[in-house]
Amino acid sequence: MTVSYQYEVASSTSGGFTRLLFMWRGSLYKLIYRELILFLIAFGILSALYRNAFTIEQKQLFEKAVLYCDSFIQLIPLSFILGFYVTYVADRWWKQYMAIPSPDRIMHALALYVGSNDEDSRILRRTLIRYLNLSFILILRSVSSAVMRRFPTLDHLVEAGFMTRMELEMYTAVPTTDINTYWFPCSWFVSLLKDACSKNKINDACGLKLIMEEFNEFRSKCGLLWSYDWVSIPLVYTQVVMVATYSFFLAALVGRQYVNESKKEPQMEVDKYFPVFTVLQFLFYMGLLKVAEQLINPFGEDDEDFELNWLIDRHTKASYLGVDTLLRRTPPLVKDKYFEEINVVLPYTGSSASYKSRIIHRGSTYRMKIPKNQQTMFLPQATDEGIDNNQRKKPMTSISGKNIRHGSAGLWRRPPNSPELILKGQMCNGILPVKH
């Protein structure tokens with residue numbers, strides 16, 4: 001569903017953006033062509049009625065309406081409202097994508113810390129990761145129409161291998177019709193992990209802590225998806241944007257008409273038959289509204305919605321490979337090709353030779369020139385030179401035969417190895433207050 005055009009704009013000199021104008025899937029034209037056709041038909045009907053059907057009195061009344069709409073249409077702050085709304089929706093759209101959980105990190109933690117390669121350990125790891133994948137599918141079923149179409153009932157999950165028949169009976173036996181129960185397999189995950197610890201399948205406490213941290217991250221993202229689906233952008237905000245956009249173009253439908261012998265400015269002959277810049281405004285503003293309409297719920301079936309069914313396939317295959325298959329088929333340990341070389345030179349193909357960088361960057365001060373008479377040796381260390389003039393004027397006072405100097409804040413500082421003195425009954429860590 002997601003339209004990717006990264007390769008088309010890999011080089012800005014090859015006219016990538018220009019080629020994008022001719023794409024149809026996910027394009028601006030596909031989004032608004034129906035509304036644009038309706039707008040042009042209505043605009044043409046009004047123009048034809050004004051020229052061929054209206055009486056003189058009706059023409060005069062229509063011209064006043066045209067002047068009124070054209071004068072006050074700019075009072076609608078459409079660009080500000082749409083710009084702020086689309087920015088907010090796009091930010092929320094990306095956060096929803098980042099909230100989709102992935103089993104990769106916990107998959108590697110399970111592969112490292114849970115059991116060995118015997119059959120019981122393999123079953124344990126595969127069951128643990130299957131519970132996470134099941135929770136992932138259950139939460140997607142509750143927020144995505146595309147996933148719900150793929151798994152319309154829980155029996156389809158049993159048939160697809162994400163749940164056993166006994167697990168289905170346990171899942172449906174809990175009377176919880178008023179809440180979303182996507183997290184039940186997460187509870188099974190914790191219970192199975194606890195049982196594995198009691199059977200010494202997990203001997204590393206740090207490993208168990210890491211597994212639970214990754215599990216909590218996975219579980220939190222599942223809950224975040226549910227929250228995004230539950231708490232939408234306030235409806236009144238969306239209504240304000242829609243009312244502003246549609247009222248703008250309803251006013252433009254009348255206000256942008258070409259009328260004879262009026263004081264409407266500016267008005268050109270080309271607009272007598274086709275409203276060029278009004279159509280451009282329609283493309284800009286209605287396009288932004290359609291962008292927000294697509295992005296506000298990326299779990300649907302639009303061109304720019306997330307490929308959730310593909311993610312299910314990918315996560316299932318990758319997780320089973322990571323916790324089982326790849327652990328039993330590791331390559332042997334050998335010396336790499338550059339084992340004895342110090343200065344490794346990597347090869348380039350003919351088509352990539354032009355990308356080899358001939359500039360070696362060693363830092364911005366690499367070519368800095370310093371006079372030799374200033375780089376021969378270090379200067380001798382300063383003793384009393386580091387004391388500023390104000391400090392130099394501080395009086396010296398002797399206590400127990402040792403000289404100490406006033407600090408910058410007017411405090412006595414106890415000399416090394418001197419006894420702790422108490423002045424007027426106050427002392428804090430050997431720092432004595434001084435009365436001037």
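The protein chain has 15 helices and four strands, where helices (H or I, at least four residues) and strands (E, at least two) are DSSP runs numbered from the N terminus. This is a predicted model, in which local features need pLDDT of at least 70, side-chain atom pairs count only at pLDDT 80 or more, and totals for chains, interfaces and linings use all residues. Residues are numbered from 1 along each chain as its sequence is written, and side-chain values use heavy atoms, with hydrogens and water left out.

**Exercise 1. Burial and surface**

Task: State what percentage of the 436 residues in the protein chain is buried, and describe the nonpolar surface patch that contains I37.

Solution. 
Step 1. Buried means under 20% relative accessible area, exposed over 50%, and partly exposed in between (1.4 Å probe, protein chains only). Buried residues make up 33% of the chain.
Step 2. The accessible surface of the chain is about 29500 Å², and carbon and sulfur atoms hold 60% of that surface. Such areas come from the Shrake-Rupley method with a 1.4 Å probe; for residues, only the protein chains shown count as cover.
Step 3. The patch covers about 990 Å² and consists of L21, F22, W24, L28, Y29, Y33, I37, I41, I45 and L49. Patches are made of residues with over 30% relative accessible area and no salt bridge; like charges are joined within 9 Å, and nonpolar side chains (Val, Leu, Ile, Met, Phe, Trp, Tyr) within 5 Å.
Step 4. I37 belongs to helix α2 (residues 28–52) and is partly exposed, at a relative accessible area of 44%.

**Exercise 2. The nonpolar cores**

Task: Find which residues touch the most other members of the largest nonpolar core, and which element gives this core its largest share.

Solution. 
Step 1. A nonpolar core is a set of buried Ala, Val, Leu, Ile, Met, Phe, Trp, Tyr and Cys residues joined through side-chain atoms within 4.5 Å.
Step 2. The largest core has 49 residues, and L110, L140 and F189 touch the most other members.
Step 3. Elements giving two or more residues to this core include α5 (104–113), α6 (119–143), α10 (184–198) and α14 (308–328). The largest share, twelve residues, comes from α6.
Step 4. With neighbours within four places in sequence left aside, L140 is in contact (heavy atoms within 4.5 Å) with V147, L225, L308 and I312.
Step 5. A second, separate core has 34 residues, including I32, F39, F62 and L253.

**Exercise 3. Salt bridges**

Solution. 
Step 1. A salt bridge is a side-chain nitrogen of Lys or Arg within 4 Å of a carboxyl oxygen of Asp or Glu. The whole structure has 16 of these salt bridges.
Step 2. Because K95 and D91 are four residues apart in helix α4 (residues 78–98), about one helical turn separates them.
Step 3. E301 is in the loop between α13 (276–295) and α14, whereas R149 is in helix α7 (residues 145–150), 152 residues apart. E301 is partly exposed at 41% relative accessibility, and R149 is exposed at 63%.
Step 4. D313 is in helix α14 and R150 in helix α7, so the pair ties together parts 163 residues apart in sequence.
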